Amino acid sequence: MKSAFSQDQDYLKNLSNKKFLITGGNGMLASSFLNQLKINIQNPKTYCFNKLELNVSNFDSFTKYVNLKPDFIIHCAALVDADLCEKNKEDGKSNIVDGAKNIMKYAKINNSKVFYPQSFLIYSDINRMVDENTTPNPLSIYGDLKLEAENIILDSSENTISVRMGGFFGGDEKDNNFIGKVTAHISKLIKQGKKEMAIGDRVWQPTFTDDLAYNSLVLLANNKNGKYNMASHGSCSFFELTKELIKILNIEDRFTVSRISAKILSKREVARRPLSVIMNNSRLKQENLDRQRDWKISLKEYLTKPYFKKLFT
Ligand SMILES: NC(=O)c1ccc[n+]([C@@H]2O[C@H](COP(=O)([O-])OP(=O)(O)OC[C@H]3O[C@@H](n4cnc5c(N)ncnc54)[C@H](OP(=O)(O)O)[C@@H]3O)[C@@H](O)[C@H]2O)c1
């Protein structure tokens with residue numbers, strides 16, 4: 001039997017020479033998509049636009065790309081800061097919901113397939129693993145807007161796919177999520193002579209954007225549609241995650257962390273977030289297309305990059 005990887009090589013040939021338009025091109029996930037396309041696809045034609053080149057909130061911004069005719073639109077642009085969305089719903093709505101409407105209008109004109117990265121924050125705490133049939137129940141305006149955008153996309157055309165993803169790490173210096181922020185903060189504290197900090201115990205599935213982008217390309221190569229969950233294997237609290245990264249970075253003798261209740265920390269946040277959402281990649285597993293890895297293995301690969309080495313030398 002062929003290994004999963006060699007099987008993927010056959011699948012991925014279906015994407016050779018195809019045109020990919022990526023929105024939100026400066027972001028974490030978009031950067032991983034661009035890299036994974038370069039590594040895994042033969043002669044991809046990539047158009048990775050940042051907000052200045054293509055502002056998805058404004059349909060006029062699409063007019064200069066009317067002749068581009070992308071086969072795929074990877075729609076990564078969004079206002080992803082849940083607290084900002086809570087404070088300024090109109091801003092969130094124009095980026096996330098109007099963005100989705102404009103993408104679908106443009107996709108219809110060009111007959112493009114649309115890929116939508118969805119957030120696990122459309123779910124709330126439940127005492128079992130979340131699968132694709134679990135009813136979403138967002139706790140924040142960000143979650144509400146993301147769900148509205150997903151519905152717009154999936155209801156507009158069958159040639160669409162929405163992948164509900166675990167919380168990200170990726171992008172090295174572009175990493176504006178927990179791992180990017182906590183490593184930069186620990187590095188600063190060590191330089192100031194400090195040796196410890198408290199970390200909350202909210203539970204999540206830290207998921208590498210490179211793994212997400214690769215697995216998503218496998219889905220596109222298989223011409224899949226509809227809803228999928230996609231998160232790393234396993235889960236941990238932010239506290240456990242920080243302990244693990246301190247071990248991987250080999251700074252255990254220089255820095256330690258203590259646990260603090262997520263309930264205390266969440267009082268400081270504007271947007272409500274679930275204390276624990278664990279997704280099961282049910283559909284990926286059923287279709288033999290789950291290419292996610294254990295979070296500790298992916299984290300180790302990520303933290304051995306030169307950016308993190310430099311932070312702690
Ligand atoms: N981060 C996570 O943990 C996570 C988890 C699951 C799903 N997702 C989803 O994955 C997607 C990408 O997230 P990410 O973490 O990679 O975000 P990111 O790094 O913040 O990238 C998003 C990019 O979108 C751009 N953008 C914002 N508004 C725009 C607009 N109106 N037109 C064009 N570009 C715009 C931003 O540019 P500026 O910075 O210049 O505003 C930013 O470069 C989002 O849909 C997010 O909801 C994220």
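Colleague: At what angle do the axes of α4 and helix α5 cross?

Modeller: Please bear in mind that this is a predicted model. The crossing of α4 with helix α5 (residues 141-156) is at roughly 10°, and the two axes come within 9 Å. An angle under 35 degrees counts as roughly parallel, and α4 and α5 are therefore described in that way.

Colleague: Which residues make the contact between α4 and α5?

Modeller: On α4 they are Lys89, Gly92, Lys93, Ile96, Val97, Ala100, Lys101 and Met104. From α5 come Ile141, Tyr142, Leu145, Lys146, Glu148, Ala149, Ile152, Ile153 and Ser156. Sorted by class, the contact of α4 with α5 holds 10 nonpolar, two polar and five charged residues.

Colleague: How are α2 and α7 arranged, parallel or oblique?

Modeller: Helix α2 (residues 28-40) packs on helix α7 (residues 209-221) at about 55°, the axes being 8 Å apart. The pair is therefore oblique, and the crossing of α2 past α7 is right-handed. The residues in contact include Met28, Leu29 and Phe33 of α2, together with Leu212, Ala213 and Tyr214 of α7. By class, the α2 contact with α7 comprises seven nonpolar, five polar and one charged residues.

Colleague: How should I read the sheet, and in what order do its strands lie?

Modeller: In general, the strands of a sheet pair through backbone hydrogen bonds, in either a parallel or an antiparallel manner. Here the sheet is open and has six strands, ordered β2-β1-β3-β4-β5-β10, with parallel pairing. Because β2 (45-48) and β10 (226-230) each have a single partner strand, they stand at the edges, and one side of each lacks a neighbour in the sheet. From one strand to the next, the twist averages 20°.

Colleague: How many bridges join strand β5 to β10?

Modeller: Five bridges link strand β5 (residues 160-165) with β10, and the two run parallel. Arg164 is placed opposite Asn229 of β10. As for the helix over this part, α5 lies across β4 and β5, at about 160° to β4.

Colleague: Finally, which residues come nearest to the ligand?

Modeller: Gly24, Gly27, Met28, Leu29 and Ala77 come nearest, out of 27 residues around the ligand. The elements giving two or more residues to this shell are α2, α4 (89-110) and β4 (113-119). By class, the shell around the ligand has 13 nonpolar, 12 polar and two charged residues. Met28 and Leu29 also belong to the contact of α2 with α7.

Note on methods
Residues numbered from 1 in each chain as written. Predicted model: local features only at pLDDT ≥ 70, side-chain atom pairs only at ≥ 80, totals over all residues. Axes fitted to C-alpha atoms, helices over the stretch in contact; angles between N-to-C directions. Helix = DSSP H or I, 4+ residues; strand = E, 2+ residues; numbered from the N terminus. Parallel < 35°, antiparallel > 145°, perpendicular 65-115°, else oblique. Left-handed = near helix turned anticlockwise from the far one by under 90°. Contact = placed C-beta atoms within 7 Å. Nonpolar A, V, L, I, M, F, W, Y, C, P; charged D, E, K, R; others polar. Near = placed C-beta within 6 Å. Pairing = 2+ DSSP bridges.
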